Amino acid sequence: MTLKIGVIGAGAIGEDHTRRCMQVVSGAEIVAITDVNLARAREVADKYAPDAKVPESGEALIALPEVEAIIVTSWGGTHAQYVLEALKHGKYVFCEKPLATEAEDCRKIVETEAALGRRLVQVGFMRPYDSGYRALKKLIDAGEIGEVLMVHAAHRNARVGENYTIQMSVTDTLVHELDVFRWMLADDYVSAQVVFPRRTSKALPHMRDPQIIMLETRKGIRIDVEVFVNCQYGYDIKCAVVGELGEAILPLPAAVEVRKSAKQSCEIMTDWKDRFIAAYDVELQDFVDGVKAGKLNGATSWDGYCASVAADVCVKAQESGRIEPITMMDRPAFYDR
Ligand code: NAD
Ligand code: NAI
Ligand code: ISE
């Protein structure tokens with residue numbers, strides 16, 4: 001059986017997920033694509049799914065009877081409305097991160113899904129599908145480095161555009177770490193603080209870049225994440241976990257080492273699409289298989305809520321400079337693991 005999917009948002013990742021569903025994932029077909037820019041939706045359809053319809057809105061796409069599942073890849077601020085609309089129609093929805101840009105909207109999604117009593121939402125946090133993070137978690141869970149005490153991480157982008165804001169360093173970028181560390185450490189955050197090191201001259205004037213975000217977990221683990229989105233040299237994701245017995249470091253993607261002209265070098269990727277390509281492939285295959293089996297596996301609406309609550313507090317901490325407490329609502333029993 002082929003799962004018929006509609007895509008809302010035909011931008012960078014919407015195009016990439018359309019290609020993935022049509023060319024990489026098995027048992028899926030994109031039957032509709034829309035975007036606020038309909039010409040862009042038609043362009044992506046023509047490239048990868050020429051038979052796909054291009055409805056005039058996300059709501060119209062969700063209502064199409066042939067659309068069995070939805071992929072939301074529009075801007076973060078629009079995610080919640082489409083996820084809630086999909087839930088209204090009782091349809092499965094894969095929503096790219098963040099689930100919503102405000103924790104309050106995530107709460108509405110959590111409550112709506114829990115009231116339906118069926119898990120229909122998967123959030124596009126792909127790092128738990130990355131082989132490097134999986135290896136790191138396996139080693140931690142096996143007790144190889146003893147109890148975890150600290151995590152030192154960095155999330156670097158070569159550069160960001162003029163529409164990118166200081167808050168997006170948290171809601172769009174750090175949010176991957178906010179999710180993956182909950183999963184990797186099986187823990188939750190209790191506080192956050194943000195400090196700004198010397199500002200890079202390579203950032204656009206409205207930006208304060210880099211930033212260091214310091215998190216504390218329930219277990220007392222201290223996490224520092226450097227977010228540096230104009231680092232110039234590449235897309236670089238680092239994570240070192242320090243335990244009582246040793247340190248475990250996220251493996252780098254395999255790259256050919258070149259020795260030439262008295263230099264030894266390896267290429268560093270520049271695009272997130274390439275860095276996590278295998279993880280996105282596994283993630284979307286898992287979504288398609290999960291819909292068919294009636295059991296989704298990836299990040300839940302609750303995970304999306306927790307990441308958004310932590311993100312909201314980090315934004316507050318950017319402004320206050322203080323250590324800000326992170327508190328969550330009680331987890332509905334529906335999401336008990
Ligand atoms: P983009 O700006 O390239 O594309 C967004 C597209 O959505 C645009 O074509 C825009 O016209 C369309 N759009 C905006 N509002 C819409 C609406 N209300 N209805 C229909 N279409 C609408 O952005 P992008 O880089 O593709 O990012 C899109 C989303 O994917 C963001 O939420 C981002 O955080 C997420 N993302 C996730 C990853 C990841 O690693 N998981 C990577 C990149 C982007
Ligand atoms: P699991 O399937 O028991 O799930 C672990 C728990 O972690 C769940 O309760 C869930 O709520 C939570 N969780 C899942 N994703 C999360 C996220 N992004 N953030 C925070 N919490 C999250 O455990 P397992 O087997 O470790 O699977 C984890 C994910 O990886 C699953 O989605 C699974 O389908 C996927 N997977 C990927 C494979 C690969 O080759 N990359 C192989 C097997 C599973
Ligand atoms: C983008 O939306 C992503 O999700 C990338 O993984 C991240 O590195 C980038 O900073 C975000 O803007």
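A note on terms before I start: UniProt positions are given here in the numbering used for this chain, feature names are shortened, and annotations may be inferred rather than shown by experiment. With that in mind, the UniProt record, an unreviewed entry, places "domain: Gfo/Idh/MocA-like oxidoreductase C-terminal" at residues 137-326. What you are looking at is a predicted model. In that model, residues 137-326 are 34% helix and 27% strand.

Now to strand 3, residues 69-72. What does it pair with? Strand 1, residues 3-8, runs parallel to strand 3, with 4 bridges between them. One of the contacts to look for is Val7, whose bridge partner in strand 3 is Ile71. Strand 4, residues 92-96, also pairs with strand 3 in the parallel sense, again over 4 bridges. There, Ile70 stands opposite Val93.

Between strand 3 and strand 4 comes helix 4, residues 79-88, and the three together make a right-handed β-α-β unit.

Are the residues of strand 3 buried or exposed? In a regular strand, side chains alternate between the two faces of the sheet. Here Ala69 and Ile71 lie on one side, Ile70 and Val72 on the other, and all four are buried. Both faces of strand 3 are therefore covered.

Last, the ligand. Ligand 1 is surrounded by 24 residues, and the closest are Gly9, Gly11, Ala12, Ser74 and Glu96. By type, the shell has 11 polar, 8 nonpolar and 5 charged residues. Helix 1, residues 12-23, gives the most to that shell, with 3 residues.

How values were computed
Residues numbered from 1 in each chain as written. Chains lettered and ligands numbered in written order. Predicted model: local features only at pLDDT ≥ 70, side-chain atom pairs only at ≥ 80, totals over all residues. Near = placed C-beta within 6 Å. Helix = DSSP H or I, 4+ residues; strand = E, 2+ residues; numbered from the N terminus. Nonpolar A, V, L, I, M, F, W, Y, C, P; charged D, E, K, R; others polar. Buried ≥ 20, exposed ≤ 12 C-beta atoms within 10 Å, placed from the backbone. Pairing = 2+ DSSP bridges. Right-handed = clockwise from strand over helix to strand, strands pointing away.
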